[in-house]
Amino acid sequence: MTNAKLQSLMARGTEFLGCETAILCGAMSWVSERHLVSAISNAGGFGVIACGAMTPDLLDKEIAATKALTDKPFGVNLITMHPQLFELIEVCSKHDVGHVVLAGGLPPKGSIEAIKAKGAKLLCFAPALSLAKKLARSGVDALIIEGMEAGGHIGPVATSVLAQEILPEMSPQLPVFVAGGIGRGEAIAGYLEMGAAGVQLGTRFACASESIAHPAFKKAFFRASARDAIASVQIDARLPVIPVRALKNAGTEAFTAKQREVANLLDSGAVDMNEAQLQIEHYWAGALRRAVIDGDVEGGSLMAGQSVGMVSKEEPVAAIIAQLMEEAAFALERRAA
């Protein structure tokens, strides 16, 4: 009976995604690739490839490789500021990718139409109610609301506040998925009861058995508590530094130094604003790769959400999803008693 209740609450999300469980995996650069994405989709969830800074050719190969590992639905996350965004959209269309997630700002002119031209469904991030309404009017098919507890690039508002503000108004219009700081099924049950169509988790899956993240990267997660996942600080208002949540290490301190270096170059006229912005973004891309792929847990970027304290061991994706669903079902059962 309780499982039936859980399935009923997730029905809108599972129908929209075309999977058994309305749990998306957040797109984590270098982590959300073919192995983890296919494992999540095969386990009944919804995997999402993190395109990040990939070229169209690399994305083409990654989608093909993922399709070779699963015949279940999965999506692709594209960054709005990518200089080859429309070519990446074309690659997704070529492979008949059913769902595209746009992240990093409002969709550029023509991108929504390009994504939906071949029938793909579009999900966009809405960090505020006003933006959620704007995105709904512009034709997106679903929203993701992600709070500041999440890992990676974050906004300023907590998940619980965003959910209370956005779900009552937007969930009657289109599916809304909640993300940020979710590590257990009890929280999933709560957001579903508030009107969410499903949830998105990243940190919880980063150390799954199927994740290619370096063993040292995973061990850093296992040792960490919630308070170790801190947000980066912007030291110069001219540099558009979106805060990034990651485990505190020498790399987070190095980023502060990098900002000072770039600001000084800007002051001296050695670089213009575009080049300054590019240097900041390139720093994160390289630092994340050093941590995830090379295992440099001191100098690299250990992007993690505050739910990292609930990640204590390496386990298969299927076991993680089963545990989350069991916890959610049990929470609903307790509330019904």
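**Close-ups of a predicted model**

**Figure 1. Helices α3 and α4 cross right-handed.** A quick note on the model: it is predicted, so local features need pLDDT of at least 70 and side-chain atom pairs count only at pLDDT 80 or more, whereas totals for chains, interfaces and linings use all residues. Residues are numbered from 1 along each chain as its sequence is written, and side-chain values use heavy atoms, with hydrogens and water left out. Helix α3 covers residues 56-69 and α4 residues 85-94; their axes come within 9 Å and cross at roughly 25°. Axes here are lines fitted to C-alpha atoms, for helices over the stretch in contact, and angles run from 0 to 180 degrees between N-to-C directions. Helices (H or I, at least four residues) and strands (E, at least two) are DSSP runs, numbered from the N terminus. The pair α3 and α4 is therefore roughly parallel; angles under 35 degrees get that label, over 145 is roughly antiparallel, 65 to 115 roughly perpendicular and the rest oblique. On the α3 side, Pro56, Leu59, Asp60 and Ile63 meet Glu87, Leu88, Val91, Cys92 and Lys94 of α4, contact meaning heavy atoms within 4.5 Å. By class, that contact has 6 nonpolar, no polar and 3 charged residues. Ala, Val, Leu, Ile, Met, Phe, Trp, Tyr, Cys and Pro count as nonpolar, Asp, Glu, Lys and Arg as charged, and the others, Gly among them, as polar.

**Figure 2. Helix α2 packs on α3.** Helix α2 (residues 34-42) sits with its axis 9 Å from that of α3, at an angle of about 40°. That makes α2 oblique to α3. The crossing of α2 and α3 is right-handed. From α2 come Arg34, His35, Val37, Ser38 and Asn42, and from α3 Lys61, Glu62, Ala65, Thr66 and Leu69. Sorted by class, the residues of this contact are 3 nonpolar, 4 polar and 3 charged.

**Figure 3. Phenylalanine 74 is in strand β3.** The strand runs over residues 74-79. Phenylalanine 74 is buried, at 9% relative accessible area; buried means under 20%, exposed over 50% and partly exposed in between (1.4 Å probe, protein chains only). Skipping neighbours within four places in sequence, the contacts of phenylalanine 74 include Val37, Ser41, Ile63 and Thr66. Also among them are Phe46, Val97 and His99. Its C-alpha atom and that of leucine 129, 55 residues apart along the chain, are separated by 27 Å.

**Figure 4. Histidine 95 lies in the loop between α4 and β4 (99-103).** Histidine 95 is buried, with a relative accessible area of 12%. Leaving out neighbours within four places in sequence, histidine 95 is in contact with Asp60, Ile63, Ala64 and Lys67.

**Figure 5. Leucine 265 is found in helix α11.** Helix α11 takes in residues 250-268. Leucine 265 is partly exposed, at 25% relative accessible area. Not counting residues up to four places away in sequence, leucine 265 touches Ala270, Val271 and Gln279.

Conventions:
A crossing is left-handed if the near helix is turned anticlockwise from the far one by less than a right angle, and right-handed if clockwise.
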